[in-house]
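The following paragraphs lead through a protein model from one of its helices to the sheet and then to individual residues. Please keep the sequence and the coordinates open while reading.

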Amino acid sequence: MLLSPSILSADFSALLDGIKKIEEGGADYIHVDVMDGHFVPNISFGAPVMKSLNGKTKLPYDVHLMIEHPEKYIKDFVTDYTAFITVHQEACEDLGAILDLIKSYGIKAGVSIKPGTPTSVLEGYFDKIDLILIMSVEPGFGGQKFMEDQLYKAVELSALKKEMGYDYVIEIDGGIDLTNIDRVLDAGVEMVVAGSAVFKAEDVTERVQEFKKHRARL
């Protein structure tokens, strides 16, 4: 199970300290939630905050763009530390072209879908997608309650991946904690985003280690 703690829930007055703690705990990625106040009803931060961590951590960036017209901003998030850039299917006029744009920078391309969006909207793109991010809350704010009814998407995508030999990573974001992590992994999720459950813990490093004790059911 890959763990990508979301810095949206971190203490920004001590961001680097928080990053060091998740790195010590064994986190695999830094999840970077970017919101524009248009596609989602909140504003978070932009590329400069992410880039301020360059060279200060070994963890790669897992960038989640919750923004309109993402094609205008892809280049801003390309760094030597960027592993994934994920855009929302609902925000893309030409999803195929945007996936190609991300890949042109040598970055893996991800697609996210909101709770009300079925996996069928990704038909025709599965062979281009490196990561599929299932939103298990309505995107826009941290600390929301997990929507368990979204796990059917992980089941569908896992079965399709095995049947067709696709290579995408199945990721989930929203309300994941130690009480539901096993059900999430049982559904076929391979990569978990956790924000409040990690960064609001009394001991962040220990919490990451607790998450990492769980294993995907592959």
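In helix H7 (residues 204–212), the residues Val204, Thr205, Val208, Phe211 and Lys212 are buried, where buried means under 20% relative accessible area, exposed means over 50% and partly exposed lies in between, computed with a 1.4 Å probe on protein chains only. These residues lie on the same side of H7, because they cover an arc of only 120 degrees around the axis, the arc being that of the directions from the helix axis to the C-beta atoms. Helices (H or I, at least four residues) and strands (E, at least two) are DSSP runs, numbered from the N terminus.

This is a predicted model, in which local features need pLDDT of at least 70 and side-chain atom pairs count only at pLDDT 80 or more, while totals for chains, interfaces and linings use all residues. Residues are numbered from 1 along each chain as its sequence is written, and side-chain values use heavy atoms, with hydrogens and water left out.

The buried residues of H7 pack against S1, H1, helix H5 (181–186), strand S8 (191–194) and helix H6 (196–199), contact meaning heavy atoms within 4.5 Å. At the start of H7, the backbone nitrogen of Thr205 has a side-chain oxygen of Asp203 within 3.3 Å; a polar contact is a pair of N or O atoms within 3.5 Å, of which, within protein, one must be able to donate a hydrogen and the other to accept it, and residues adjacent in sequence count only if both atoms are side-chain atoms.

The sheet comes next. Eight strands form an open sheet with parallel pairing, in the order S1-S8-S7-S6-S5-S4-S3-S2, and two strands pair if DSSP finds at least two bridges between them. Strand S1 (2–5) and strand S2 (30–35) each have a single partner strand, so at these edges one side of each is left without a neighbour in the sheet. On average, neighbouring strands of this sheet are turned by 25 degrees against each other, direction ignored; axes are lines fitted to C-alpha atoms, for helices over the stretch in contact, and angles run from 0 to 180 degrees between N-to-C directions.

The chain passes from S4 through H3 to S5 in a right-handed β-α-β crossover: with the strands pointing away from the viewer, the path from the first strand over the helix to the second runs clockwise. Helix H3 (residues 95–104) lies across strand S4 (82–88) and strand S5 (108–113), at about 145 degrees to S5. S4 itself is mostly covered, with seven of its seven residues buried.

Ser9, in the loop between S1 and helix H1 (15–25), counts as buried because its relative accessibility is 9%. The side chain of Ser9 reaches the backbone nitrogen of Ser196 at 3.2 Å. Asn42 is found in the loop between S2 and helix H2 (47–51) and is partly exposed, with a relative accessible area of 23%. The C-alpha atoms of Asn42 and Gly140 are separated by 5.5 Å, although these residues are 98 residues apart along the chain.
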